[in-house]
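Hello,

Here is the structure you asked about. My notes follow below it.

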Amino acid sequence: MQILMKSNQSALKELELATGEIVSDCYQCGKCTAGCPASMDPSPSVLIHYLKLGLFEKAVNSESIWSCMGCLTCSERCPKNVSPAAIVEGLKRLHLNRMKPRVILHALGQEFLANSTQQAVVSGFRKFI
Amino acid sequence: MSENLTHVPYYPGCSLKTKALGYERSAMDCAKAIGFEMHEIATWNCCGASFPLTKDNLMGLAAPANILLEAEQHCQEREIDANLITLCSFCYNTLKRTDFAFREEPKKLETLNAFLKRKYQGSVKVVHYLEYLRDVIGFDNLAKMIKRDMSNLRVAPYYGCLLLKPQKEMALDDPEEPVILHDFLEAIGCQVVDFPGQVDCCGSYLIMRDPEKVLELSHNILQEANDYGADALVTACPLCQSNLDQSEGERRGSDHYIGVQGMPIFYFTQLLAVALGLDTEPHQFERHCIDPTSVLSTCLEDGAEPIEAKK
Amino acid sequence: MPNENKQINHVAMVGDRTIPPKDARFIEIYIMGQRYKVPETLTILKAMEYAGYQFKRSCGCRGGICGACGTFYRILGDHSIYTGLACQTVVEPGMILAQSPFFPPNRADHIGILDSKMPPDEHIATLYPEIFRCVGCGTCTRTCPMEIDVMNYIALFKRGDVLGGAKESFDCIMCGLCVVRCPANITQMEVGLAGRRIAAAKLISRSEVTKKRAEQVRTGRYEAMLAELGQMDREKLKEIYTSREREPNLSGPGEWMPKDQSHL
């Protein structure tokens, strides 16, 4: 998906400004991946590694970012105070700001909408639409 | 009667008015029995159930800011301390983190204030019901108010994620080894089942996109609690309750179903109401997928003797 | 002959026949990017007609209640966006105008509301799930020309209070200005309409008085009276109309009864 019209380097800078995270702080200890309940592949530490290597397109187009459930275990455990959750959300935002939703709102189905708690619907919409 | 009860402003959040109505009712009834009264603030909107992790997203702070300024007005009108009590973990997280963001970066509040219907002055302190029980009432005092013998009930405390994380901003308890729900259960007289999955994520909003994942994560939590000997779980979050409870309900009849009756998941205030000897009929146990009353039979029996006040 | 033709050409231009009051000042406004001089006392609608525009859309009752002429405008030198009804809002110097005849709404299928067994809160959630995208920015409230707290009624629907939302949205004239500006792409006015319909069908108790009256009409209680009126000549009708008894304004319930009660 052609998301970016700019260089990998400037895209990364923009992501860092938007999220307040500094990717180069990560020293790849892997604690985030170890604690992550989502089966993310590429995992959080690998995603950050892509960004450090300048492989921005690879990171932003990976499917695994949509598996994040916002549990914040990665951010809590990182010894360098990096928040992979924030970085993943930043990457998701790039897609969502261009009106490319991950969930089709009107395909959600009556049963889901009638039975869900509002929390699930409201927070889900923030992350996927 | 109301004059003796401390007036505490209350923010419900959307789920507490519909799917988690039993949570609200039990919390309010327990509050009255304990000595405070929860007053819903007059005007409120949905908090957004999501604190934006990208720092440039101010729009995500607009809804919580609106709630905080309504709470501020509520307290100013009554000349009381600006404390806002919440029940829902998501709302607690969103509001508290918003408050933290405004204190850390006043410029954000300044920008939003130019946009909101009135200026928010930043005075509100967001408090969780559990926090109130621990810090204002005191678990020791709570223990003295207990009327029913809960000692046959083995309950596993399930914390979820947003009640505790990020610790720097939530400052409620240790996110890796929390004790607040443990202490609460001990105070009301239950046997506390400490189990590793107590801070594992239930799947949260993935229920919208990947319900299979939620099923898997929920099952792991419930199975582990069962393996450690729990009869039931308590939680403070309507989404955790819904994910765990509905996932369990879906597995009825399958090999993965926990025991014969399934594992009930209570809101902690529902259990507190039982322990305080209150009428639990309005607390909507019937709304749970897995019927909680089956495990309560030992302590809900009519004629059960009220226990001696603990010293 | 030539004069008669000229007369016919100008009939369509309503604004052209506007007689400005004596000493009325002329001000400059911008319509669709063009600058015009119009008398300062005119409404937007009349001013645009004065300038030679003919309204085939975006115009209705001209009385501030049908919602057809919802208008966005700016004032030269001011970044803000203002809203109003074109038939009610008086022009100001520097006003920048552009009428929009229609903005695409999302309207779910309201048919079936009467027969549906769904609880009202779930019903709204299934008809308009986009209300859960609301970020609480309040733009809709700021936009509404009827001063309805739109964000609040959406918030009420979100938390399952359908009756509350129905009442709060009652003054809505379906002008659609909120719909244009919503960043979450919610069609607030349709949500309000669905909410009012559900509330009326399920949540508001029926008026016993209305039921009684409807039954009376159905069983022909007023047929004779109507037939009598239908036979009357114009003069007699005028007479009985002008001499009719009227309940005084602001009289309380049950305070006043007519002297002639034969038709009650």
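In chain B, the C-alpha centres of domain 1 and domain 2 lie 24 Å apart. The bounds are 2–130 for domain 1 of chain B and 139–295 for domain 2 of chain B, and such bounds come from an automatic or database domain assignment. This is a predicted model, in which local features need pLDDT of at least 70, side-chain atom pairs count only at pLDDT 80 or more, and totals for chains, interfaces and linings use all residues. Residues are numbered from 1 along each chain as its sequence is written, while chains are lettered from A and ligands numbered from 1 in the order in which they are written.

Between the two domains of chain B, 25 residues of domain 1 are in contact with 27 residues of domain 2 (C-beta atoms, placed from the backbone, within 7 Å). On the domain 1 side, α1 (21–34), α3 (89–104) and α5 (129–137) of chain B each supply at least two residues; helices here are DSSP runs of H or I, at least four residues, numbered from the N terminus. α1(B) gives the most to that side, with ten residues.

There is also a helix pair in chain B. The axes of α8 (residues 180–188) and α11 (residues 268–275) of chain B come within 10 Å and cross at roughly 15 degrees (axes are lines fitted to C-alpha atoms over the stretch in contact, with angles from 0 to 180 degrees between N-to-C directions). α8(B) and α11(B) are therefore roughly parallel, the term for angles under 35 degrees. B:L181, B:F184 and B:I188 in α8(B) meet B:F268, B:L271, B:L272 and B:A275 in α11(B).

Regards

Terms used. Parallel < 35°, antiparallel > 145°, perpendicular 65-115°, else oblique.
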